[in-house]
Amino acid sequence: MGANILQIVHYVFEVYYWLILIAIFGSWFPRFHESKVGIWIRKLVEPYLGFFRKFIPPLGPIDFSPIIALLALRYVGVFALEGLRQSLNVIGI
């Protein structure tokens, strides 16, 4: 059961990572963010990306905050999964 929980959490991090990538690449197409899918993805990822935009302003037309956000998500994901794995081992699941 513990392996299933770890796998689900891993999938959540992966799906969110890919949603951010889709939002980034979608910004290259002007009509993407006006589509239903674009609006839905933007609603999901904008709170997370907005946090990084507060601290990393765009340099001209280039916004580096999504790159930092993706790296942070990977970094936090690795530690979260390891912490969850150890917690599940402690409680015996």
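**Figure 1. α1 and α2 are roughly perpendicular to each other (65 to 115 degrees).** In this predicted model, local features need pLDDT of at least 70 and side-chain atom pairs need 80 or more, whereas totals for chains, interfaces and linings use all residues. Residues are numbered from 1 along each chain as its sequence is written, and side-chain values use heavy atoms, without hydrogens and water. The axes of α1 (2-26) and α2 (36-55), which are DSSP helices (H or I, at least four residues) numbered from the N terminus, come within 9 Å and cross at roughly 100 degrees; axes are lines fitted to C-alpha atoms over the stretch in contact, with angles from 0 to 180 degrees between N-to-C directions. Y16, L19, I20, I22 and A23 of α1 are in contact (heavy atoms within 4.5 Å) with W40, I41, L44, V45, Y48 and L49 of α2. By class, this contact has 11 nonpolar, no polar and no charged residues (nonpolar: Ala, Val, Leu, Ile, Met, Phe, Trp, Tyr, Cys, Pro; charged: Asp, Glu, Lys, Arg; polar: the others, Gly among them).

**Figure 2. H33 lies in the loop between α1 and α2.** The side chain of H33 makes a polar contact of 3.3 Å with the side chain of R42 (a donor and an acceptor, N or O, within 3.5 Å; sequence-adjacent residues count only through side-chain atoms). Neighbours within four places in sequence aside, H33 is in contact with A23, G26, S27, G38, I39 and R42.

**Figure 3. α1 and α3 are roughly antiparallel to each other (over 145 degrees).** The axes of α1 and α3 come within 10 Å and cross at roughly 175 degrees. Among the residues that make the contact are L6, F13 and Y17 of α1 and L70, L81 and L88 of α3. By class, the contact of α1 with α3 has 16 nonpolar, 3 polar and 3 charged residues.

**Figure 4. The largest pocket holds about 290 Å³ of space.** A pocket is an open set of points on a 1 Å grid where a 1.4 Å probe fits, with protein on both sides within 12 Å along at least five of seven lines, and lining residues have an atom within 4 Å of a point; points are joined across faces, edges and corners, and probe spheres on them fill the volume. Of the 14 lining residues, I24, S27, R53, D63 and P66 are the closest to the centre of the largest pocket. α1, α2 and α3 (65-91) each supply at least two lining residues, and the largest share, 5 residues, comes from α2.

Technical notes. Angles under 35 degrees count as roughly parallel, over 145 as roughly antiparallel, 65 to 115 as roughly perpendicular and the rest as oblique.
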